[in-house]
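This report is an introduction for a reader who is meeting the structure for the first time. The sequence and the structure come next, followed by an account arranged by topic.

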Amino acid sequence: MTDRYSVIGNPIAHSKSPLIHAEFARQTGQDISYTAILATRESFVSAVRDFIGQGGKGMNVTVPFKEQAWKYLATDIAPRAATARAVNTLIFKDGKIIGDNTDGAGLLRDIEGNLGFPVAGRRVLLMGAGGAACGVLPALLSRNPAALTIVNRNIDKARELQERFTASGNPSVTDYPGLSGSQFDLVINATSSSMNDVLPPLPKAIFTAGALAYDLMYGKGLTPFLKFAQSQGAAKLADGLGMLVEQAAESFLIWRGVRPDTRPVIAMLRGKE
Ligand code: ATR
């Protein structure tokens, strides 16, 4: 019997997850199917329950349902999903709905493994204080950076995030003008600015020599943020495609107990860009 998996989101038609998981399955010889399901906020919970009813073994949850999955769906929550307050991976087992979150681990594997950039001891700037920033913040703090600053236009939102993590790494917060004069080794764009082709109001000279600029967005070529980083002398630029494949690999590992090789899959997707 082929084990069934899927990704649920909105929009979902252009999701690369079915292709990524098909490659993982081929590579590891696992007999699975993986489809994409479109839902609305209203139909999300029943769509997941329908999939379980059809014998589904697990699901990926993507934008905009990660918070809903954490709040209303999972009967058991992995600690890292609880801290992120978001679920991107569901496991259906023994009548339970287990919620996990592989986004933070996926980001770290891309930054540290694929890009060879250890986070420990670095000065890190996290741009944004919404769901995407919240999802990766615990993983970044777990690596003991020398400093972690959250920057957001709406500083109250950044402060809310800061308060939740004072005990586990004590990030600092600022608005964009407050960044003047500071420099960072790793700058991560977790805002939705790249979706709208807009550059967040970053001051100049924030990148140290050798800095990595990382945009969680993928499939857009050089985003305004990455172009700015390039013009400001950041040594390395990366979009979120590697993170996409790595978070998928973490989910695959949870479901199937085998870790796929991500490099050929990242290379294949780059070839299609
Ligand atoms: P997501 O789940 O993708 O994080 P979200 O919760 O709507 O989406 O959060 C969007 C984030 O992008 C917010 O931090 C937002 O900043 P504000 O809270 O100040 O609005 C940030 N953002 C969106 N467009 C931006 C822009 N042009 N410049 C800077 N930040 C931007």
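## The ligand and its surroundings

An N or O atom in the side chain of K157 lies 3.0 Å from an oxygen atom of the ligand, a polar contact being a pair of N or O atoms within 3.5 Å. Taken alone, the ligand exposes 640 Å², and the protein buries 72% of that, with accessible areas coming from the Shrake-Rupley method with a 1.4 Å probe. This is a predicted model, in which local features need pLDDT of at least 70 and side-chain atom pairs count only at pLDDT 80 or more, while totals for chains, interfaces and linings use all residues. Residues are numbered from 1 along each chain as its sequence is written, and side-chain values use heavy atoms, with hydrogens and water left out.

An oxygen atom of the ligand also lies 2.7 Å from a polar side-chain atom of N152, and a backbone N or O atom of A132 is 3.0 Å from an oxygen atom of the ligand. There are 16 residues around the ligand, of which A129, A132, N152, R153 and N154 come nearest; a residue is near a molecule if one of its heavy atoms lies within 4 Å of it. By class, this shell has six nonpolar, eight polar and two charged residues, where Ala, Val, Leu, Ile, Met, Phe, Trp, Tyr, Cys and Pro count as nonpolar, Asp, Glu, Lys and Arg as charged, and the others, Gly among them, as polar.

## The sheet

Six strands form an open sheet with mixed pairing, in the order β2-β1-β3-β5-β6-β4. Strands (E, at least two residues) and helices (H or I, at least four) are DSSP runs numbered from the N terminus, and two strands pair if DSSP finds at least two bridges between them. Because β2 (32–38) and β4 (76–77) stand at the edges, each with a single partner strand, one side of each is left without a neighbour in the sheet.

Strand β5 (residues 89–93) pairs with strand β6 (residues 96–100) in the antiparallel sense over five bridges, and the bridge partner of F92 in β6 is I97.

Most residues other than glycine have a negative phi, and most peptide bonds are trans. The peptide bond from N10 to P11, however, is cis, with omega near 5 degrees, and P11 lies in the loop between β1 and α1. Another cis peptide bond joins V63 and P64, with omega about 5 degrees.

N144, although not a glycine, has a positive phi of about 55 degrees.

Notes:
Polar contact = N/O pair within 3.5 Å; in protein donor to acceptor, adjacent residues only side chain to side chain.
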